[in-house]
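Trainee: Could you walk me through some backbone and sheet features here, one at a time?
Mentor: Gladly; have a look first.

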Amino acid sequence: MPELVIYESGEFEWNSHRPSQEDLDEQDARTLRRQCLFRWAAQFVAIALSQLPEVSKVAAFGAVARPLKNEVPRFSQYRRHGIEVLHECADLDLAVWLSDLTRLKELKNAMSRGLSLVQNTDYGGVAHHQVDVHVMLSETGKYQGRLCIFGQCPKPGKRECLVPGCGAKPFLQQFKGYSFNPARFEAESKVVLFDRASGFLVRPPPYGH
């Protein structure tokens, strides 16, 4: 039976037994399935975004765009024993280069159309808040902000909308204290899903729902 451990700080957790190899294999399998689902979502979203003339390029980056490595995760059950499992793929990071920032509402609608195709897969679905769309200018490549997840701009009662500069362009979100690092972004693994200049568009995934 798990043992309840209470620390001096008042925090507590269940001290469970060391995970079995079967537990580790299942954890890694879930992680890989999740990454696969995010990759499907990235493809469908890119196809939908490519239909907007102001979209010049779409790329996926971060955990979804590279092989997952083993690490000791944040889960206490594994961390306590120093057990490594595959890195968690918790969200989908997309970079979108735009020639016009005045139709971000249409960009949101296109993203929703793409995500709608991966809501009822065997691996689950992808919610809007699990997709971070980083907006860049096509001409300069300069980072502009992130596509807002709210349906209104500004959204009444949301503290996020009070950040200086947030919503200066409707549905372009800014984050307090956030500073975009171009060098770090350039070093990130990326998978180009759409490039209008070359005519490249990722093929539709073989499995969507």
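Trainee: Where does Phe 171 lie?
Mentor: Phe 171 lies in the loop between S8 and S9; strands (E, at least two residues) and helices (H or I, at least four) are DSSP runs, numbered from the N terminus. This is a predicted model, in which local features need pLDDT of at least 70, side-chain atom pairs count only at pLDDT 80 or more, and totals for chains, interfaces and linings use all residues. Residues are numbered from 1 along each chain as its sequence is written, and side-chain values use heavy atoms, leaving out hydrogens and water.

Trainee: What is phi of Phe 171, and is the residue buried or exposed?
Mentor: Its phi is near 70°, a positive value in a residue other than glycine. Buried means under 20% relative accessible area, exposed over 50%, partly exposed in between (1.4 Å probe, protein chains only). Phe 171 has 11%, so the residue is buried.

Trainee: Which residues does a cis peptide bond join?
Mentor: Cys 153 and Pro 154, with omega about -5°. Pro 154 is in the loop between strand S8 (143-147) and strand S9 (172-173).

Trainee: In what order do the strands form the open sheet?
Mentor: Two strands pair if DSSP finds at least two bridges between them. Here seven strands run S9-S8-S7-S6-S3-S10-S11, with mixed pairing. The edge strands, each pairing on one side only, are S9 and S11 (200-201).

Trainee: How many bridges join S7 and S8?
Mentor: Three, with S7 (residues 131-137) and S8 pairing in the antiparallel sense. His 134 has Arg 146 in S8 as its bridge partner.
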